[in-house]
Amino acid sequence: MSKEEAFYKKLKSQLADTSLWPTSYLYKFIVPTSTDKILLVESIFDNMGAVIHKKASKNEKYTSISVNVRMKSPDLVIDKYKEVASKVEGVISL
């Protein structure tokens, strides 16, 4: 099992144990400041009723993106993390 697979397995277990689903989930990402990358993260959560907040770092090299969205299950939460990681180069998921 890869580190990534182990991480997602642990996350799924924690999500299942700590929340009643569906529930609001807060994603946090850090991306290199680029309009394209920020719009790409936003587009992944389009039409989901997500509340998205963005904040540039002090030197404006990076932008933090918080996405608060109602998710139906731990599996769907993880699917979104994987989608962002596969589509947005240089993203850091927190």
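Predicted model: local features only at pLDDT ≥ 70, side-chain atom pairs only at ≥ 80, totals over all residues.
**Close-up views of helix contacts and salt bridges**

Glu-83 has a relative accessible area of 24% and is therefore partly exposed.

View 1. The side chains of the two residues meet with a nitrogen-to-oxygen distance of 3.4 Å. Because Glu-83 and Lys-80 lie 3 residues apart in helix H3, about one helical turn separates them. Lys-80 has a relative accessible area of 14% and is buried, whereas Glu-83, at 24%, is partly exposed.

**View 2. Glu-83 also forms a salt bridge with Lys-87.** The closest N and O atoms of this pair are 2.9 Å apart. Both residues are located in helix H3, with a spacing of 4 residues, or about one turn of the helix. Lys-87 counts as partly exposed, its relative accessibility being 45%. Taken together, Lys-80, Glu-83 and Lys-87 are linked in a network of salt bridges.

View 3. H2 spans residues 35-44 and H3 spans residues 74-87; their axes come within 10 Å and cross at roughly 155 degrees. An angle over 145 degrees counts as roughly antiparallel, and H2 and H3 are therefore roughly antiparallel to each other. The crossing of H2 past H3 is right-handed.

**View 4. A salt bridge between Asp-75 and Lys-12 connects helix H3 with helix H1.** The closest N and O atoms of Asp-75 and Lys-12 are 2.9 Å apart. Asp-75 lies in H3 and Lys-12 in H1 (residues 3-18), so the pair ties together parts that are 63 residues apart in sequence. Both partners are partly exposed: Asp-75 has a relative accessibility of 38%, and Lys-12 has one of 36%. A search of the whole structure finds 4 salt bridges, among them the Asp-75 to Lys-12 pair shown here.

Conventions: Residues numbered from 1 in each chain as written. Heavy atoms only, no water. Axes fitted to C-alpha atoms, helices over the stretch in contact; angles between N-to-C directions. Helix = DSSP H or I, 4+ residues; strand = E, 2+ residues; numbered from the N terminus. Parallel < 35°, antiparallel > 145°, perpendicular 65-115°, else oblique. Left-handed = near helix turned anticlockwise from the far one by under 90°. Buried < 20%, exposed > 50% of the residue type's maximum accessible area, 1.4 Å probe, protein only.
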